[in-house]
Amino acid sequence: MNISRREFTKIGCRIVIGAAAGATIVESIISNSIAAEPSSTGDYDWNEHYWGYVIDTRKCIGCGRCANACKLENDVPFDEPVYRTWVERYRVLKEGEVKIDSPNGSIDGFTDDIPAEELKKAFYVPKICNHCDNPPCVQVCPVGATYATNDGVVLVDYDYCIGCRYCIQGCPYGARYFNKEKGTADKCTWCYHRITKGLLPACVQACPVGARVFGDLKDPASDVNKLLDKERINVLKPDLGTKPKVYYVGLDREVR
Amino acid sequence: MQPHLKRAIFLLGVVIVGFIFIRSLVVPDSYGQYGAYRGDSVYENRNFTVEYAGSQSCGDENCHKTLYSIWADSRHKTVNCETCHGPSEKHVSNVRIMPSPANDSREFCGKCHYKMVARPSSFPQIDPESHGENLKCAYCHNPHKPWFV
């Protein structure tokens, strides 16, 4: 057989490309058919749960044990002003001004630097990622590195995050921060490594007064559902349509 | 078919095949398994180490049973062991690893019990200036059972 060099390269290229393409197409069909099967993640079935969180601001004493426990549990840098959960103090002065502060996220506690006589009212409000049903942070991520799981938790893919900080800008609750050690965006996971093992999030466990309640919204007898059925509930910034799953009891109109 | 069309179609084919080939190299295997994200990331998030073991594990297995039953009957029963004693999962899995001792300073008790305007008035609070003569709180109060010396 007589074949020119040009012909030989042509045929050779076609064979190589065809073989590679065929293999990848077959592989993608196989992997898609695997993914289409109903999947449970190990012994924990995430389709059986839908997590929710209730914060009773009337009980909070501002001790900051929640923020402290969160940093210890989740390796959040202690020497940087970044928090997955923190406690804010709202103080309404008699002249009408509202002072909001959270020194070191409440970990070191608060000091009374305004005498009680000058205050109309004062209270603490614990803050945390709201794990929105309609999360703006997930929408703005350009690489799909943040997502909502089937059990309603918004997580970060630390391998895939490129650290562009769009999600930090996108979160209307200021719940995300940039983790310099990881070089990625970071946020509260409701201690996903704990709740999937049947434990409570570290902040809920650390709260000495039971101001933080965590549970399964799909279970009618869970602690969160008992509170949601009984108390008058509000969420933060309901007008934004983010549908938060952190519900507040005794929320003041000044709280943003 | 005209030869220039043939060439164009062939080129298009090469581009499509090239796209599929490069995509298969770049996109991780578990991407799209559950949604528009890397499915393995869920497992990575589940596999972080637990630091707080929970009060149950302190009272179980005849370790701190007596202290646990005293605490579980006290007004401090809503305060879990590790809220004051610190994360102790490592100690639970290996008793030779001792957690650092609990902070017994006045300031630490005061994080909850010093008088603050913003605290609910029904919560027990003291004025550190006038109460206790600067003694450690545990001198009079048993932290595991307040008002039980």
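**View 1. Around B:Cys84, contacts from beyond its own stretch of chain.** Setting aside neighbours within four places in sequence, B:Cys84 is in contact with B:Val79, B:Ala102 and B:Pro143; two residues count as in contact when their C-beta atoms, placed from the backbone, lie within 7 Å. Take B:Ala102: B:Cys84 sits 18 residues from B:Ala102 in sequence, with 5.9 Å between their C-alpha atoms. B:Cys84 itself belongs to helix 5 (residues 81-85) of chain B. Helices here are DSSP runs of H or I with at least four residues, strands are runs of E with at least two, and both are numbered from the N terminus. B:Cys84 is buried, as 20 other C-beta atoms lie within 10 Å. The cut-offs: buried takes 20 or more other C-beta atoms within 10 Å of the residue's own, exposed takes 12 or fewer, and partly exposed is in between, with C-beta atoms placed from the backbone.

A note for all the views: this is a predicted model, where local features need pLDDT of at least 70 and side-chain atom pairs count only at pLDDT 80 or more, while totals for chains, interfaces and linings use all residues. Residues are numbered from 1 along each chain as its sequence is written, and chains are lettered from A and ligands numbered from 1 in the order in which they are written.

**View 2. Chain B, helices end to end.** Chain B has 7 helices and 0 strands, which reads along the sequence as α-α-α-α-α-α-α. Along the principal axes, the C-alpha atoms of chain B fill a box of roughly 100 × 40 × 25 Å. Of the 149 residues in chain B, 19% are buried. For contacts in chain B between residues at least 6 apart in sequence, 44% link residues at least 24 apart.

**View 3. Where chain B meets chain A.** Chain B puts 37 residues into the contact and chain A puts in 51 residues. On the chain B side, the elements that give two or more residues are helix 1 (3-26), helix 2 (40-46) and helix 7 (106-113). That side of chain B divides into 20 nonpolar, 11 polar and 6 charged residues. Here Ala, Val, Leu, Ile, Met, Phe, Trp, Tyr, Cys and Pro are nonpolar, Asp, Glu, Lys and Arg are charged, and the others, Gly among them, are polar.

**View 4. The open sheet in chain A.** Three strands of chain A make an open sheet of 3 strands in the order 3-2-4, with antiparallel pairing; strands pair if DSSP finds at least two bridges between them. Strand 3 (98-101) and strand 4 (119-128) of chain A are the edges, each pairing on one side only. From one strand to the next, the twist averages 20°. Strand 2 (residues 85-93) and strand 4 of chain A run antiparallel and are joined by 9 bridges. Within strand 4 of chain A, A:Tyr124 stands opposite A:Arg89, and A:Lys127 is the bridge partner of A:Trp86. Strand 4 of chain A has 7 of its 10 residues buried, so it is largely enclosed by the rest of the structure. Helix 2 (residues 65-74) of chain A lies across strand 2 and strand 4 of chain A, at about 155° to strand 2. Axes are lines fitted to C-alpha atoms (for helices, over the stretch in contact), and angles run from 0 to 180 degrees between N-to-C directions.

**View 5. The two domains of chain A.** Chain A has 7 helices and 11 strands. With a radius of gyration of 25 Å, well over the 18 Å that the globule rule gives for 256 residues, chain A is more spread out than a compact globule. Domain 1 (51-130 + 189-249) and domain 2 (136-186) of chain A come from the domain assignment, and 20 Å separate their centres, taken over C-alpha atoms. Between them, 15 residues of domain 1 of chain A are in contact with 12 residues of domain 2 of chain A. The domain 1 side has 9 nonpolar, 3 polar and 3 charged residues.

Technical notes. Domains from an automatic or database assignment. Rg over C-alpha atoms; globule rule 2.2 N^0.38 Å.
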